[in-house]
Amino acid sequence: MAPAGAKKSILERLDAGEVVIGDGGFVFALEKRGYVKAGPWTPEAAAEHPEAVRQLHREFLRAGSNVMQTFTFYASDDKLENRGHTQRFTGQQINEAACDLAREVADEGDALVAGGVSQTPSYLSCKSEDDVKATFKKQIDVFVQKNVDFLIAEYFEHVEEAEWAVQVLKTTGKPVAATLCIGPEGDLNGVSPGDCAVRLVKAGAQIVGVNCHFDPATCVKTVKLMKEGVEKAGLKAHYMSQPLAYHTPDCNRQGFIDLQEFPFSLEPRILTRWDMQKYARDAYDVGIRYIGGCCGFEPYHIRALAEELAPERGFLPAGSEKHGTWGSGLEMHTKPWVRARARRDYWEKLKPASGRPFCPSMSTPDGWGVTKGHADLMQQKEATSDEQLKALFEKANKSH
C-alpha cells in the first residue's frame, strides 16, 4: 500500500475497482493551437513551447484526468529524423522536458505521470527486433531517470511490435499498460483483438486495451473482445480505452488515417459532450476502468467522462464548476426557448445537424492495403522527393 499522504499507484486504483480518467489528444490539440506540425506529428513543443504543453495538462487535470501522460508521442530519434524532418532538440531533450511538465501538473492534483512510447519507423522498415527494442530502451532510460509512475506502450498497429515494447518497458519494474490502434478486425496482420490481448498480457502488460484510430463505440467493442480473449485464456488484466473524438463508422481496418478527411477536415465528425457521456457509460458497463481519449479529445470531452462517472467516483471535477449537469446552466439564459433546453432528455435525444447540405454522411476510405514490409512504407531520413509525391498523387487519383 502507498504510505500515508502518498498517491495510490495506477494498479492500486484499478485493483480497488476505481475509475481512472485518462487525458486527451495532445498531438491534435496542440496542432490546432499552432504548436505541432501535422505530418510528422512529433512532440518537440514540450521543449520549444513548454507553456503550451503545461497549460493543456492543466486543462485536462481540471476536467478530471487522473493521468498526465508525457507528451512523448513519436519522440524516438528514428521518427524525429524521418522524411526530412529536422529537429532543434533531441529525443532525450524532448522526453526530459515532457516528463518535467507532466510531473509539475500532476503534483497540482491527484494525478499520476505515465511515460509513453509508440510505434517506430524502424519497425515499418523491417529493422531487427534488437534495433527496435534499442529505440524503446533509449526512451525509457529518461522515464526511469525522471521516475514516472507507470508506462504506456500505445499506438501500435502490429501486436508484435507492441510485444517488443512491453518487454522493454517491463525491465523497469514499473506497471505497464499497452494499447493497440486496432478495431474489431484485429491488427494489420489479422491477429484478432482477443489474441492480441493475450499476447500483450503474456509479454507482461497489466493493463491492455486500445487507443486512437477508431471512435468510442468501435473501441469499446474491441476492448470487449480483448477482455473475452484474456478471460478465455485464464489470464487476468485491467482494461483501458482511449479512442478518437471522431465518429468513424465508415473506417476500414486501418482506421481514420484512411478517411479522405484526415487530418484537416475531420471537424464535422466530432463527438458532442453528450456522446462522450454515453461512451463513458458504455465503457464502464463492459468492465473498462481506465477510460480516456486520444486524437480530437479536448478538455470538455474529458469533463463529460468525469461527469457521467461522478456517481461511481464520488465527486465531480473542478471544471464542472462552470458546467451545469445536462445543460442545467441554461436555466439562466435570457431567451426562453434556450432555457427550455435545460434538461437531459433534450440533449440526449438531439440529432445534431451538420449544416452542410451537399456533404455525404459517410466517406470512402483510402484502402491501399499496404503494411509492414511493403516498399511504399520503407522510411527514410531524406525528405519525400517530387518524384515520390508524383507517384503517390497518381496512385491516389486512380484509387478514387
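Predicted model: local features only at pLDDT ≥ 70, side-chain atom pairs only at ≥ 80, totals over all residues.

Helices and strands are named here as DSSP runs, a helix being H or I over at least four residues and a strand being E over at least two, and both are numbered from the N terminus.

**Helix H8**
- Helix H8 covers residues 129–145, and because 17 residues at 1.5 Å a residue should span 24 Å, the 24 Å that separates its end C-alpha atoms agrees with expectation.
- The residues of H8 that are buried are Val132, Thr135, Phe136, Gln139, Ile140, Val142 and Phe143.
- An α-helix has 3.6 residues a turn, so residues three or four places apart point the same way.
- Just after H8 comes Asn147, whose phi is positive, at about 55°.

**The sheet**
- An open sheet is formed by 8 strands, which follow one another in the order E1-E8-E7-E6-E5-E4-E3-E2 with parallel pairing.
- Strand E1 (20–21) and strand E2 (67–69) each have a single partner strand, so at these edges one side of each strand is left without a neighbour in the sheet.
- Strand E7, residues 238–242, pairs with strand E8, residues 290–291, in the parallel sense over 2 bridges, and Ser241 stands opposite Ile291 in E8.

**The second largest pocket**
- The second largest pocket holds about 1200 Å³ of space, and it is lined by 36 residues, of which His247, Pro268, Arg269, Ile270 and Asp275 are the closest to its centre.
- Two or more lining residues come from each of helix H11 (216–232), helix H12 (273–285) and helix H16 (344–349), with the largest share, 7 residues, coming from H12.
- By residue class, the lining of this pocket divides into 17 nonpolar, 6 polar and 13 charged residues.

**Cysteines**
- How many disulfides does a search of the whole structure find? The search finds 0.
- Cys212 is in no disulfide, and the nearest cysteine sulfur, which belongs to Cys295, is 3.7 Å away, whereas a disulfide requires two cysteine sulfur atoms within 2.5 Å.
- Cys212 has a relative accessible area of 3% and is therefore buried, since the cut-off for a buried residue is under 20%.
- For Cys251, the closest cysteine sulfur is that of Cys219 at 10 Å, which is too far for a bond.
- Cys251 also counts as buried, because its relative accessibility is 16%.

Note on methods. Residues numbered from 1 in each chain as written. Heavy atoms only, no water. 1 Å grid on protein atoms, 1.4 Å probe; cavity = no way out; pocket = protein on both sides within 12 Å on 5 of 7 lines; lining within 4 Å. Points joined across faces, edges and corners; volume = space filled by probe spheres on them. Nonpolar A, V, L, I, M, F, W, Y, C, P; charged D, E, K, R; others polar. Expected span 1.5 Å × (residues − 1). Buried < 20%, exposed > 50% of the residue type's maximum accessible area, 1.4 Å probe, protein only. Pairing = 2+ DSSP bridges.
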